[in-house]
Amino acid sequence: MRQRAQAIIVRDQAMLFAFGIVSSHNALRHSFIGGGIEDGETPEEAVLRELMEEAQVTGEIIFKFNRELASDHHTFLVDIRIQICKLGYDPEEEHLTFEEKDLKDLLWISLKDAHLFTECDRDYIKILIEECKERDYHPEWVDNLKEILKEPCGEIQ
């Protein structure tokens with residue numbers, strides 16, 4: 001099984017997700033931007049490559065998570081500044097039609113829309129809050145993340 005690198009991006013009180021077919025569920029869902037780490041690539045290189053491929057933006061890694069939900073994941077908090085995200089593609093799917101591709105759209109979910117964050121999102125949000133606290137990193141959105149955890153969750157279908 002290939003290791004996965006993924007980016008958590010929070011800007012303007014919203015979190016960025018890729019929206020598409022999640023192979024483990026074979027259904028349309030949102031997930032953090034990311035993908036498999038290629039041979040000879042570091043997790044840091046992989047997350048920045050995936051960000052360019054999927055959202056057509058560059059990023060600056062703020063930090064790598066010390067804790068993960070899955071042993072084959074590498075999660076990073078990434079800053080993309082004010083760049084405009086545009087739907088990119090997976091080079092492995094370049095020959096496919098739009099209907100056949102897994103990645104369908106990019107999705108900014110407002111931190112005020114707590115019901116749109118899935119249980120998995122919330123698990124990562126809990127870790128992100130802890131990681132920020134441990135690093136004495138206090139972005140303006142961290143209190144809004146705490147509010148998400150107080151609300152019931154749902155899933156975008």
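Predicted model: local features only at pLDDT ≥ 70, side-chain atom pairs only at ≥ 80, totals over all residues.
**View 1. Glu-41, a buried loop residue.** Glu-41 sits in the loop that runs between strand S5 (33-36) and helix H1 (43-55). Its relative accessible area comes out at 17%, so Glu-41 falls under the 20% cut-off and counts as buried. Look for the side chain of Glu-41: one of its polar atoms is 2.9 Å from the backbone nitrogen of Glu-38. If you skip the neighbours within four places in sequence, the residues in contact with Glu-41 are Gly-36, Ala-46 and Arg-49.

**View 2. Asp-12, an exposed loop residue with a positive phi.** Here we're in the loop between strand S2 (10-11) and strand S3 (14-22), which is where Asp-12 is placed. Most residues other than glycine have a negative phi. Asp-12 isn't a glycine, yet its phi is positive, at about 50 degrees. With a relative accessible area of 67%, Asp-12 is over the 50% cut-off and therefore exposed.

**View 3. Asp-136, positive phi in a loop between two helices.** Asp-136 belongs to the loop between helix H2 (119-134) and helix H3 (142-148). What is the phi of Asp-136? It's positive, about 55 degrees, although Asp-136 is not a glycine. Is Asp-136 buried or exposed? Its relative accessibility is 58%, which means that Asp-136 counts as exposed, the cut-off being over 50%.

Note on methods:
Residues numbered from 1 in each chain as written. Heavy atoms only, no water. Helix = DSSP H or I, 4+ residues; strand = E, 2+ residues; numbered from the N terminus. Buried < 20%, exposed > 50% of the residue type's maximum accessible area, 1.4 Å probe, protein only. Polar contact = N/O pair within 3.5 Å; in protein donor to acceptor, adjacent residues only side chain to side chain. Contact = heavy atoms within 4.5 Å.
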